[in-house]
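Colleague: I am new to this structure and would be grateful for a guided reading of it. May we proceed by question and answer?

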Amino acid sequence: MSFRIDPRLALTGEVRRIAGEEIEKIAAHLNTARDNPEKALHNARKRLKALRALLHLVRPGDEAFCRTENDRYRAISASIAGPRQATALIETIDRLAEDFAEEADAAGLAAIRARLVRHRAQAGHGEAGLSVVLDTAIAECQAGFAALQALALPDLPENAADVLADGALATLRRARKALEQSRERGEADDFHDLRKAVKRHAAHLSLLRKLWPSPVKPRRERAEALGESLGELHDVFVMRQLIEAGEAPFDGPEPKHLVKLLKRSEKALRKLCLNDAAELFEDRPRRTARRLAKKARDDLVGSMADTEAD
């Protein structure tokens with residue numbers, strides 16, 4: 001099966017299928033995390049983001065259900081987030097060492113990386129421990145799987161098309177707003193909001209690849225690349241904030257040379273992300289949504305007609 005909505009089938013059934021498959025994958029990654037936490041928790045969080053993107057897409061069709069279930073999966077994601085941040089700090093140092101190879105030794109990046117690796121090894125999940133966190137997360141996934149039977153979306157082609165178009169429009173509008181705020185204020189939270197909207201939009205393009213106006217693949221690739229760049233920028237912001245606050249693992253003397261490299265990296269990433277986001281979201285959201293609604297309506301009605309003819 002696939003992470004895409006089949007226009008030949010009823011929307012409620014398709015969303016239940018896709019959500020169910022994602023929940024099963026998340027639970028499997030959480031179980032694997034008992035032996036391989038770093039990779040498995042990262043994979044679980046990626047699948048949680050995909051599941052939440054699906055819920056946001058169809059939220060106009062069942063507001064109460066999607067809001068409740070989105071809160072459930074957001075809480076699961078937050079419960080397993082700690083080790084991922086520790087790994088992201090190491091990846092940031094690795095990128096700096098590659099981008100500023102001639103200055104890596106002077107900045108002491110190798111020693112800082114070793115300290116971050118030790119910090120990751122010590123990162124825990126509170127007094128309860130990882131096992132309890134995973135047990136709770138898996139139980140919530142099981143509850144979410146059972147709750148899928150309560151989902152009720154409009155299945156008539158015209159209404160289903162409107163639900164999908166409205167859901168996609170909400171994310172496009174959020175992306176445009178976050179882009180404007182990132183240009184005007186440029187705060188870390190503004191870019192973080194932009195990143196979340198871009199990631200969600202990329203997931204929507206995958207879900208709607210048979211319904212989104214062509215060409216879909218190049219747009220999805222651009223959105224995914226932008227999401228990665230915004231993720232790198234987010235990691236730089238996090239590291240700078242930890243240094244400025246003197247929080248572990250940066251609770252010692254200020255690494256001044258590292259801060260200089262972080263500022264240079266941040267400047268380049270800001271420019272790249274703003275330019276790429278401006279190109280990706282140059283069309284007005286309402287115009288894009290109207291095109292999506294028309295194509296979705298035509299395809300859904302056409303699929304139903306073909307099914308009846310068969």
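**Overall fold**

Modeller: Along the sequence, the protein chain follows the pattern α-α-α-α-α-α-α-α-α-α-α. The model is predicted, so local features need pLDDT of at least 70 and side-chain atom pairs count only at pLDDT 80 or more, while totals for chains, interfaces and linings use all residues. Residues are numbered from 1 along each chain as its sequence is written, and side-chain values use heavy atoms, with hydrogens and water left out.

Colleague: How many helices and strands does the protein chain have?

Modeller: Helices (H or I, at least four residues) and strands (E, at least two) are DSSP runs, numbered from the N terminus. On that basis the protein chain has zero strands and eleven helices.

Colleague: What is the radius of gyration of the protein chain?

Modeller: The radius is taken over C-alpha atoms, and the globule rule is 2.2 Å times the number of residues to the power 0.38. For 310 residues that rule gives 19 Å, and the chain's value is close to it, so the chain is as compact as a globular protein of that length. Along the principal axes, its C-alpha atoms fill a box of roughly 70 × 45 × 30 Å. The radius of gyration is 21 Å.

**Core**

Colleague: Is Leu-57 buried or exposed?

Modeller: Leu-57 is placed in helix H2. Leaving aside neighbours within four places in sequence, Leu-57 is in contact (heavy atoms within 4.5 Å) with Ile-5, Val-163, Leu-164, Gly-167, Ala-168, His-204, Leu-207 and Leu-208. At 0% relative accessibility, Leu-57 counts as buried.

Colleague: At what angle do the axes of H2 and helix H7 cross?

Modeller: Axes are lines fitted to C-alpha atoms, for helices over the stretch in contact, and angles run from 0 to 180 degrees between N-to-C directions. The axes of H2 and H7 (residues 157-184) come within 6 Å and cross at roughly 120°.

Colleague: Which residues of H2 and H7 make the contact?

Modeller: The H2 side consists of His-56, Leu-57 and Val-58. On the H7 side the residues are Val-163, Leu-164, Gly-167 and Ala-168.

**A loop residue and a ring pair**

Colleague: Which residues does Arg-59 touch, not counting those up to four places away in sequence?

Modeller: Arg-59 lies in the loop between H2 and helix H3 (63-79). Its relative accessible area is 18%, and Arg-59 is therefore buried. The residues it touches are Cys-66 and Arg-67.

Colleague: What is the centre-to-centre distance of the aromatic pair formed by Phe-191 and Phe-237?

Modeller: Rings of Phe, Tyr and Trp (its six-membered ring) pair if their centres lie within 6.5 Å; planes under 30 degrees apart count as stacked, over 60 as edge-to-face and the rest as tilted. Phe-191 and Phe-237 form a tilted pair, with 40° between the planes. Phe-191 lies in helix H8 (residues 188-207) and Phe-237 in helix H9 (residues 217-245), so the pair ties together parts that are 46 residues apart in sequence. The centre-to-centre distance is 6.1 Å.

Methods:
Buried < 20%, exposed > 50% of the residue type's maximum accessible area, 1.4 Å probe, protein only.
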